[in-house]
Amino acid sequence: MTEENTPENSPQKRGMPLWVQITVWSVLVALLVVVFMGLQRAQEGNVQTGEETGKFDFTMPLFEGYYHEGAQEISLTDLRGKIVVLNFWASWCVTCKDEAVELEEAWRYYQPDGEVVFIGIDYVDTEPEARVYLKRYDITYPNGPDMGTKISQAFRIQGVPETYFLDRDGVVKHVQLGPFQSTAQIMSIIDALLAE
Amino acid sequence: MLPSLGYGILVITMLVSIYSVSIAIYGETTKSAAMVESARRAMLLTLPLITAASLILIYLLINDRYDVEYVWSVTNRTMPTYLKITAWWGGQPGSLLFWSWLLSVFTASVTLRKWDRDRELLPWVLVVTGITLTFFISLIVFFENPFKLIPAGVQVPLDGRGLNPLLRHPGMIIHPPAQYLGFVSFTIPFAFAIAALITGRTDDRWIRITRKWTLWAWLFLSLGLVLGMRWAYDVLGWGGYWGWDPVEISALMPWLTGTAFLHSVMIQEKRGMLKHWNMILIILTFNLVIFGTFLTRSGVLSSVHAFAQSEIGPLFFIFIGATFVISFALLIHRWEDLKSGTEMKSMLSKEALFLLNNLLFLSLLVISFWGVIFPLLSELFTGSKVTVGPPFYERATGPVWGALMLLMGIAPLAAWGRSTLKTLGRAIWKPALAALLAPILAFSVGIRNWVALISFTLIALVITVSIREFWRGARARSRKSGGNFFIELWNLIKRNRRRYGGYIIHISMVLMGIGIIGIEFFQTDTQQHLAIGETIEISGYTLRYDRLDQFRHEDGRLITRGEMTLSKDGKFLETLAPRFDLYPDGQPMTIPAVRSTLVDDVYVILVNWEGITAESTPFKVYHNPLVKWVWIGGYLFVFGIFIAVGSDEERKKV
Amino acid sequence: MKKLNILTLFIILLSLFSVNTVAAQGGGDISDDEVNAIASELFCPVCENTPLDVCETQACKQWRELIRLKLSEGWTDAEIKQYFVDNYGARVLAEPPKEGFNLLVYFVPPAIILIGAVILFRAFKEWKNDNGEKDAPITEASPKSTRETSNPKDDYLAKFEEELRKRE
């Protein structure tokens with residue numbers, strides 16, 4: 001297993017037929033590439049500040065009783081020009097409950113100006129439970145299920161709650177892993193984005 | 001102080017091991033025997049060093065040194081001392097140290113053997129084992145230091161987090177060490193194979209030297225698998241023992257190639273054939289061990305067994321890449337030298353059937369490997385995650401296991417060299433006829449599943465054929481010598497231990513097959529909410545719910561314990577008490593209550609996750625027919641390997 | 001997901017003392033066995049490799065209740081599974097759906113095994129041809145040894161000794 005003994009220089013030796021050698025090497029290389037990519041993916045973590053979200057555009061259906069500009073669905077690219085707050089949550093998630101009131105408070109503060117849009121993305125949840133949750137915390141910003149976990153996979157979320165702040169160009173400007181401590185914390189992040 | 005000493009020793013070990021590798025290469029290239037000798041001694045030195053580091057870690061574990069992160073993360077004050085010791089392998093850093101220690105033990109003992117006849121192999125064996133050891137120790141030194149202190153300024157915690165409750169089981173004391181022993185010991189045959197390739201000494205010397213090692217490695221790997229199954233059955237509380245989880249499959253894959261290897265080396269020993277193939281198999285086995293370890297420890301695959309996210313991935317990847325590339329490059333390099341005078345006279349000869357056996361084992365490998373790797377491929381290429389679960393593996397591997405059983409029934413009757421359908425038919429008809437009793441019996445007790453009936457026939461065939469081999473041999477001997485049948489039986493086994501040990505292993509395998517068929521085809525379960533006094537009926541059994549207790553164990557866990565009376569046809573059988581333990585750190589554990597007989601198991605769990613109240617307590621009951629045969633087969637299996645691994649009397653005299 | 005497990009455990013504990021909100025939503029006449037029959041064929045969407053019927057988290061409990069609800073509304077097994085796939089992705093199925101890229105999972109292993117079998121078969125033929133029919137040492141299971149009962153036992157022993165010799 002040492003370098004000097006690796007006979008890279010002897011592919012043409014009589015021995016093993018060339019096609020077998022080529023097959024073995026390509027399978028080996030393919031395997032290593034796949035494993036390498038998998039490793040990279042495993043170590044990549046969630047979408048980071050500064051990433052473009054244009055490449056993972058989505059249109060999300062909204063829960064009954066939730067509307068965005070009259071429609072029962074919301075599309076990320078349509079929101080260019082606005083600050084977008086994407087909040088991933090689930091009704092079975094305990095710490096999500098710690099920030100539900102704060103998020104709603106912040107939403108009610110910004111809603112009248114129409115400069116900021118909050119979207120609640122319900123990650124692998126059951127609809128009846130989700131509706132109970134939304135009602136209990138009186139959440140009014142658009143909320144919908146993450147069908148087939150496509151959105152959460154695009155953002156590579158590591159758990160819930162996670163919140164992504166997108167600027168007017170759809171670039172991720174801030175990522176909050178875990179719950180917010182206070183309404184003021186949410187507002188300070190948004191205010192900074194509005195000031196840009 | 002002590003933690004720094006431990007870490008210091010590990011750093012020194014790494015340097016010693018690097019020294020040993022380089023000086024072995026240097027000594028070999030300059031033909032300096034003194035240098036090689038120095039490398040050998042350096043390698044020996046790693047054993048006391050790693051032992052010392054391990055002892056320090058154990059000392060810290062036993063003495064509740066929570067200023068050490070690892071100690072804090074795997075022990076707490078309420079754990080008994082034996083569990084604190086087993087916490088040595090209870091987490092990533094510690095288990096890497098344990099792994100390195102085992103490797104060092106094996107390496108040291110192999111360097112102590114008599115090398116007179118194989119001088120030229122020595123430096124390369126040292127190089128291969130040394131590089132492997134260096135790699136594992138550098139993982140510890142650079143990424144996963146078990147002696148790492150909690151950050152300065154942080155108050156030393158009063159108590160630790162404690163070992164994962166799933167690991168606080170007596171089975172956990174032996175399952176991981178057995179599994180690791182199996183993994184690590186394959187390094188030795190691999191090292192000899194590589195040494196043979198490098199030196200060009202490609203006769204079957206390396207196989208003869210490592211025959212014992214391979215058997216021992218196989219023993220431990222098998223033992224690890226069986227113990228893991230037992231542990232899952234007793235602790236995980238889902239009524240089964242094998243869930244086709246990626247980690248389980250990672251442990252199974254080297255076992256498959258290892259088993260194929262054990263069979264095909266016999267062809268090389270007897271007929272001088274298949275030199276290439278045996279090299280490929282041993283290289284594959286070692287690579288699969290490393291690859292499986294990588295998959296489960298790097299966070300690439302997620303699994304119930306997976307260790308926490310880790311930084312060791314990239315370094316591990318480089319090691320794997322290097323091992324794959326170098327071993328296959330060497331193989332191609334020596335391809336011509338490995339050519340052997342092959343003669344295959346009949347498709348029904350023993351060697352042909354052994355090759356078929358290899359094809360089947362490799363088929364199982366292909367299915368397992370593809371199933372494990374596919375979710376990764378799917379995520380990378382389509383962006384969507386998929387699960388490859390039990391139904392896939394069961395459907396794909398089922399027929400292959402069946403074919404293997406058929407082979408186990410036929411191959412012992414086939415002769416080396418030449419066999420024809422006629423001779424084989426003559427040899428097989430009697431045991432086959434006897435074996436037909438099994439499906440008739442099964443049919444008469446009401447089994448109508450044709451797959452199960454076929455399987456029972458095959459199982460019976462293997463048993464009759466194997467037992468007949470013992471019987472024929474012992475009877476022939478006792479007729480000839482006039483001695484006692486059983487004494488002659490023992491003498492017979494002693495004279496060719498591998499052969500007769502092998503037959504015992506075959507029997508044990510199909511006995512396990514009985515249990516597997518029982519659970520695959522005939523398992524039933526039911527889940528019901530009961531009030532006290534109510535009953536559950538399952539497969540003729542009645543379980544009456546008698547009482548529910550909740551109390552605190554002295555180590556702090558809150559135990560919820562239900563009591564049920566198991567009866568059949570109105571006759572009292574046993575009191576079963578399934579439990580739910582809640583550990584102070586919030587970790588739950590569901591402990592089933594099992595009544596096990598040769599015919600069936602009644603397996604009850606308290607379904608804590610559905611919410612337990614006094615008026616309505618959910619119980620889940622599994623009826624697992626024949627599952628005990630899995631464990632019986634398991635014990636017999638270990639016995640069989642012990643028979644096989646011993647030295648033949650004949651040989652000792654020579 | 002460990003973080004979630006531990007946290008959800010508290011919820012489980014809390015739910016021991018509180019009225020179960022889910023049970024109030026109907027589906028009361030569907031038995032646990034009917035729910036588990038479907039749940040056992042689905043995998044928990046947030047845990048790793050855990051079938052839904054034996055998964056202990058709060059989330060899984062909700063999913064089982066969802067199955068119960070759908071069953072009480074008269075949904076079929078297939079419809080419920082499809083609902084789970086639409087909502088939580090293909091990973092909830094115990095096997096990849098048989099379509100598109102996923103077909104590879106079903107076709108690659110048989111293809112490789114077949115190739116292996118063909119290679120082995122061809123190697124057999126090659127070996128046989130190489131050696132021709134030169135010699136034919138009759139061995140163990142030869143007709144004589146099994147038919148002639150005169151002295152088959154010794155033949156077995158002779159064979160046995162022969163084998164031992166070969167190994168040395």
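## The sheet in chain A

Chain A holds an open sheet of five strands with mixed pairing, in the order β5-β4-β3-β6-β7. Strands here are DSSP runs of E with at least two residues, numbered from the N terminus. Two strands pair if DSSP finds at least two bridges between them. The edge strands are β5 (143-145) and β7 (172-177), and each pairs on one side only. On average, neighbouring strands are turned by 20 degrees against each other, direction ignored.

This is a predicted model: local features need pLDDT of at least 70, side-chain atom pairs count only at pLDDT 80 or more, and totals for chains, interfaces and linings use all residues. Residues are numbered from 1 along each chain as its sequence is written, chains are lettered from A in the order in which they are written, and side-chain values use heavy atoms, without hydrogens and water.

## One strand pair

Strands β3 (residues 83-89) and β6 (residues 162-166) of chain A run antiparallel, joined by five bridges. A:Asn87 has A:Thr163 in β6(A) as its bridge partner.

## Where chain A meets chain C

Chain A brings 19 residues to the contact and chain C brings 22 residues (contact means heavy atoms within 4.5 Å). Together the two chains bury about 1,700 Å², 63% of it on carbon and sulfur atoms. Buried area is the accessible area (1.4 Å probe) that two parts lose on being put together, summed over both. Helix α3 (residues 127-136) of chain A gives the most to the side of chain A that touches chain C, with four residues. Helices are DSSP runs of H or I with at least four residues.

Technical notes: Axes fitted to C-alpha atoms, helices over the stretch in contact; angles between N-to-C directions.
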